[in-house]
Every structure is written in structure tokens, then in C-alpha cells.
Amino acid sequence: MTTHPPAGDLPSSDPTPVERRLLEALGPGQPRSTSPDLFDRVLGSIADDRIRRRRNRRGVLAAVAGLLLLTAIVLLLTPTKNGHLLMDWWVLELITTGLLIGLALWLGPFIKRFGRAYAADVFHDNPQTGKSYIVLTDIVYYLIFTAYILFTVNFEPRPTWGLRVLPAQVTFEAARLGGILLIIGVLHGLNIVLMPVLGRLFSLNRKLSGH
């Protein structure tokens, strides 16, 4: 005569939650399906990398061309005496102003290029607002850069300067370059801090308007 265990003692065929967790962690797992747009994304990544390399080459060539042009201007506009360059004060002023304009036009977009992913993550709920915010900040940046250049430009030598370049003028022009770098750094630093706050406020405002 065969005895059967009571109904309450029958082992269950279904795995317990702990067993399911162990199977998921230690088992072979399910093969992952390939994304249908994987090939397109790979091609897009390759194209973006090619564009990035081309842009970098253009930037290097533009920097070299600018340096050569600057050297040619200095050599052509600077008189010599006993083999030494005697630069007029306005030549250094013109060179510094050109460098300020170049930094404002190149360094700002260069920094912004690395912050696009950050801005897209902050304004993921309303990307159109994020794009408008970036455009407005660019306008503000260039207005500040233009005002700084106009405030610091000189149309005649200062009292401590001479008709030729003196150490006092070199110190002033170096301070001008340092000033615009400081302004660019402070503005982008404030933007990094304030952007998440504004993105959160815009997202909350949008949700309240929807309700």
C-alpha cells in the first residue's frame, strides 16, 4: 500500500521569489534582441565622429593661419632699430582687440558644444524651451563680450604709456585678455548652476498648466 504525503506537504513546482532572483542573477539569461535602429545609430555615430574630426582639423588650420597672419602684421607694421622691434602702441592695442574678438567668437561656442548633452538632460521634458534658453544665453554672452571690449579699448595712449610699447601697456593688455577669460568662465559657471533650477521650474510650470 502506497502512502501519499498530505496535501499541505506537497512540494510546490513554482519557484519562490528568492529562487526567481537567484535564477535571474546566476542563470544564462534570455538573449537580448537587437535594436532595429542599431545599424542606423552606428552609421550616425561614425558620421558624427567624421564631422568632429573635420571640425577639429579646420580649427587647427584656422589657428595656424591666424597665428601666421598675426606674425606677418607685427613684422610689417613694426619698425626696427639695430635689429630690435620698435612697436607702436596702437599695433599692440589692435592685436589685443583682435584676440579678444577671436576668444569671444571661438571659446564660447567651443564650451557650449560640450554642454549640449547637459542642456538636453536638464530640459528633457520641454526641449523646445531648452533650445530657446540656449539661444537667449548666447545673445546675453555676446552682448557682455561686446560691452567689455568697448569698455577696455583705447583710441589714444594712456598717461603711463608712450608712443612705443612699454611694460605698462603690456600689463594692461594682458589684464584685458585675463578679464575676458574670467567673464567667460563666470558666465558658463553660473549657467551650469542655474540651468538645472530653471529646467525644474519650467517642468513644474508645464505640469501645473497641464493640470
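1. Helix H5, which covers residues 127-152, has 26 residues and reaches 38 Å from its first C-alpha to its last, close to the 38 Å expected at 1.5 Å a residue. The expected span is 1.5 Å times one less than the number of residues in the helix. Helices (H or I, at least four residues) and strands (E, at least two) are DSSP runs numbered from the N terminus.

2. A word on the basis of this note: the model is predicted, local features need pLDDT of at least 70, side-chain atom pairs count only at pLDDT 80 or more, and totals for chains, interfaces and linings use all residues. Residues are numbered from 1 along each chain as its sequence is written, and side-chain values use heavy atoms, with hydrogens and water left out.

3. The protein as a whole has six helices and two strands, and from the N terminus on its elements run α-α-β-β-α-α-α-α. Of its 211 residues, 20% count as buried, where buried means under 20% relative accessible area, exposed means over 50%, and partly exposed lies in between (1.4 Å probe, protein chains only). Among the contacts with a separation of 6 or more, 79% are between residues 24 or more positions apart; a contact means heavy atoms within 4.5 Å.

4. Returning to H5, its buried residues are Gly-130, Tyr-133, Thr-137, Asp-138, Tyr-141, Phe-145, Tyr-148, Ile-149 and Thr-152. The largest nonpolar core has ten residues, namely Leu-100, Ala-104, Leu-107, Tyr-141, Phe-145, Tyr-148, Ile-149, Ile-180, Ile-184 and Leu-187. Helix H3 (89-114), H5 and helix H6 (167-210) each supply at least two residues of this core, and its largest share, four residues, comes from H5. A nonpolar core is a set of buried Ala, Val, Leu, Ile, Met, Phe, Trp, Tyr and Cys residues joined through side-chain atoms within 4.5 Å.

5. Leu-107, a member of the largest nonpolar core, is in contact with Gly-102, Leu-181 and Ile-184, once its neighbours within four places in sequence are left aside. Thr-96 has its place in helix H3 and counts as buried because its relative accessibility is 3%; not counting residues up to four places away in sequence, Thr-96 touches Glu-173, Arg-176 and Leu-177.

6. Lys-112 is also found in helix H3, and Lys-112 is partly exposed because its relative accessible area is 26%. Leaving aside neighbours within four places in sequence, Lys-112 is in contact with Ile-134 and Asp-138. The C-alpha atoms of Lys-112 and Asp-138 are separated by 9.2 Å, although these residues stand 26 residues apart along the chain.

7. Ile-101, found in helix H3, is partly exposed, with a relative accessible area of 40%. Ile-101 and Ile-180 are 79 residues apart in sequence, and 9.7 Å apart in space from C-alpha to C-alpha.

8. The largest pocket holds about 700 Å³ of space, and of the 20 residues that line it, the closest to its centre are Ala-62, Ala-63, Gly-66, Leu-99 and Gly-102. On a 1 Å grid over the protein atoms alone, a pocket is an open set of points where a 1.4 Å probe fits, with protein on both sides within 12 Å along at least five of seven lines, and lining residues have an atom within 4 Å of a point. Grid points are joined across faces, edges and corners, and a volume is the space filled by probe spheres set on the points. Helix H2 (38-77) and H3 each supply at least two residues of the lining, and the largest share, eleven residues, comes from H2.
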